[in-house]
Amino acid sequence: MTEKKEGLMEKIVSLCKRRGFVFPSSEIYGGFAAVYDFGPYGVELARNIREAWWNAMVRDHENIVGLDSAIFMHPKVWEASGHVGGFADPLAECRECHFRARVDHLLEEVGVFADEKMTEEEINQLMKENKDRIKCPKCGKRDFSEAKKFNLLVQSNLGNFTGDWGKEPTYLRGETCQGIYVNFKNVLDSTRVKVPFGIAQIGKAFRNEITARQFIFRKREFEQMEMQYFVHPESASAAYDEWREKRWQYYLDLGIKKENLKWHEHENLVFYAKAAWDIEYNFPFGFKELEGIHNRSDYDLTQHSKFSGADLSYRDPKTNEKYVPWIVETSVGLDRTFLAVMTEAYTEEEVADGDIRTVLKFPKKLAPIKAAVFPLLKNKPELVDKAKAIYDELKSSFMCEFDDNGNVGKRYRRQDEIGTPYCITVDFETLSDGAVTVRDRDTMLQERIKIEELKKYLEDNLGK
Ligand code: ATP
């Protein structure tokens, strides 16, 4: 671990709380494990991340359309998808401190990779073989219980009183893509898309995650940004390569440094998958999955055809060929992107007076607040009125904040900590020369800009 990385996670968690990015859920009741709320600045950052993803996927591709399917779906969907039968993580408990850990993670720590399809017996065999090396991450003892598999789907009692679905439980969706598969025909019949085309969706997903650590990296209620690309079977491999390239470039465009990204190829593919690579990010706790890019063959549409009885094949209007499209999937968590962007932006640097300033160097398009407007002094009505007027003028074009708390130095510090690219100060000279001081977050340089040129200045400097 590098100097910078040590303690970085704690610093990010603390800043997220202190500055209103992320709060633990139900904190006044002692919190609620692995559930978090976005605060006033977090919600803005999350909106900007969603927008960047939507623009890169839907806006930039004439053959990709959006969807917002419901969280609840027919229970059969989760049988067809394989989640009811197989969406399970193996779990073991430390006999010393009762800490529960995912066995695949414990094994990974000692360089042993468990296959997702392994039975409990097979996993326990691996545990036995590596018993002397596997250590409790919490207390350090080497004494774990037998592994048991736990299904990750979150059950609900929705609609139980109607008896519509017999006694089958209903679930909160475990992934958003199933909503895309079941709407494949609807989108095809109601829009002008033709294969190859994609359907993109952003929405909540729920999983009974066993390990509730690592802040918003692994939440029980989280948000996914997924795109399913439907292609002719023979074009799947080329489409896959193309999407791998595009998704890598997307992170560079999001301001993530190349050295903090890494490809990881899945060693044990699920039986239907033809290829699976993850883009990993160098989180404060090391390189971990940020996005998965998968060639899923015709598995999903075939399964849903089988379980629903609907014909989900496609007839090519030109060649008349009929086939079940293959799917290339790109799937990323909003929360993991949020944490990656935070990690990337978090900077501590020495300023002229020897003090350390903390600054979030977000790419400007992601910054929650684009400009903060201050009157130099809060008890001078002529300055306050002018600053308010400027704020009112700018707020319809940019996410702005008016701030008259403390002195200007303190306001700069606060805005640095939330990553605001520009601070605009109205001072006594403004009243005579009609100009304001604009201070740049990264260089800390200040320049005088005429009030009537402010909007253009911000437009030019904030970029697209
Ligand atoms: P992991 O192996 O880390 O549990 P996964 O392989 O189960 O992840 P997928 O099912 O492929 O993840 O989900 C796609 C994406 O959704 C992941 O790359 C990740 O960004 C996000 N994601 C998955 N589970 C969570 C979670 N519990 N909290 C936040 N984001 C998640």
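Predicted model: local features only at pLDDT ≥ 70, side-chain atom pairs only at ≥ 80, totals over all residues.
Let's start with the ligand. The shell around the ligand has 16 residues, and those that come nearest are Arg-218, Lys-219, Glu-289, Leu-290 and Gly-333. What is the make-up of that shell, in nonpolar, polar and charged residues? Eight are charged, four are polar and four are nonpolar.

Now the strands. S10, residues 221–231, S13, residues 286–295, and S16, residues 326–333, each supply at least two residues of the shell. S13 gives the most, with four.

One runs to the backbone: a polar backbone atom of Leu-290 sits 2.8 Å from a ligand oxygen. Two side chains also take part. Arg-336 has a side-chain N or O atom 3.0 Å from an oxygen of the ligand. For Gln-224, the distance from a side-chain N or O atom to a ligand oxygen is 3.3 Å. How much of the ligand does the protein bury? The ligand alone exposes 600 Å², and 85% of that is buried by the protein.

On to Gln-303. You'll find Gln-303 in helix H10, residues 299–308. Is Gln-303 buried or exposed? Its relative accessibility is 12%, and the cut-off for buried is under 20%, so Gln-303 counts as buried.

Last topic, salt bridges. Side chains of opposite charge can pair when their charged atoms come close. This structure holds 32 salt bridges.

Pair one is Asp-89 with Arg-102, where the closest N and O atoms are 3.2 Å apart. This pair links distant parts of the chain, 13 residues apart: Asp-89 is in strand S4, residues 88–93, and Arg-102 in strand S5, residues 100–102. Both Asp-89 and Arg-102 are buried.

Pair two is Lys-395 with Asp-392, 3.2 Å from N to O. Lys-395 is partly exposed, at 45% relative accessibility. Asp-392 is partly exposed as well, at 41%.

Asp-460 has a relative accessible area of 51%, so it counts as exposed.

One network to finish. Salt bridges with shared partners join Asp-89, Arg-102, Asp-104, Glu-209 and Arg-218. Arg-218 brings us back to the ligand, as one of the residues that come nearest.

Terms used. Residues numbered from 1 in each chain as written. Heavy atoms only, no water. Near = heavy atom within 4 Å. Polar contact = N/O pair within 3.5 Å; in protein donor to acceptor, adjacent residues only side chain to side chain. Areas by Shrake-Rupley, 256 points an atom, 1.4 Å probe, with all protein chains shown as cover. Nonpolar A, V, L, I, M, F, W, Y, C, P; charged D, E, K, R; others polar. Buried < 20%, exposed > 50% of the residue type's maximum accessible area, 1.4 Å probe, protein only. Salt bridge = Lys/Arg side-chain N within 4 Å of Asp/Glu carboxyl O.
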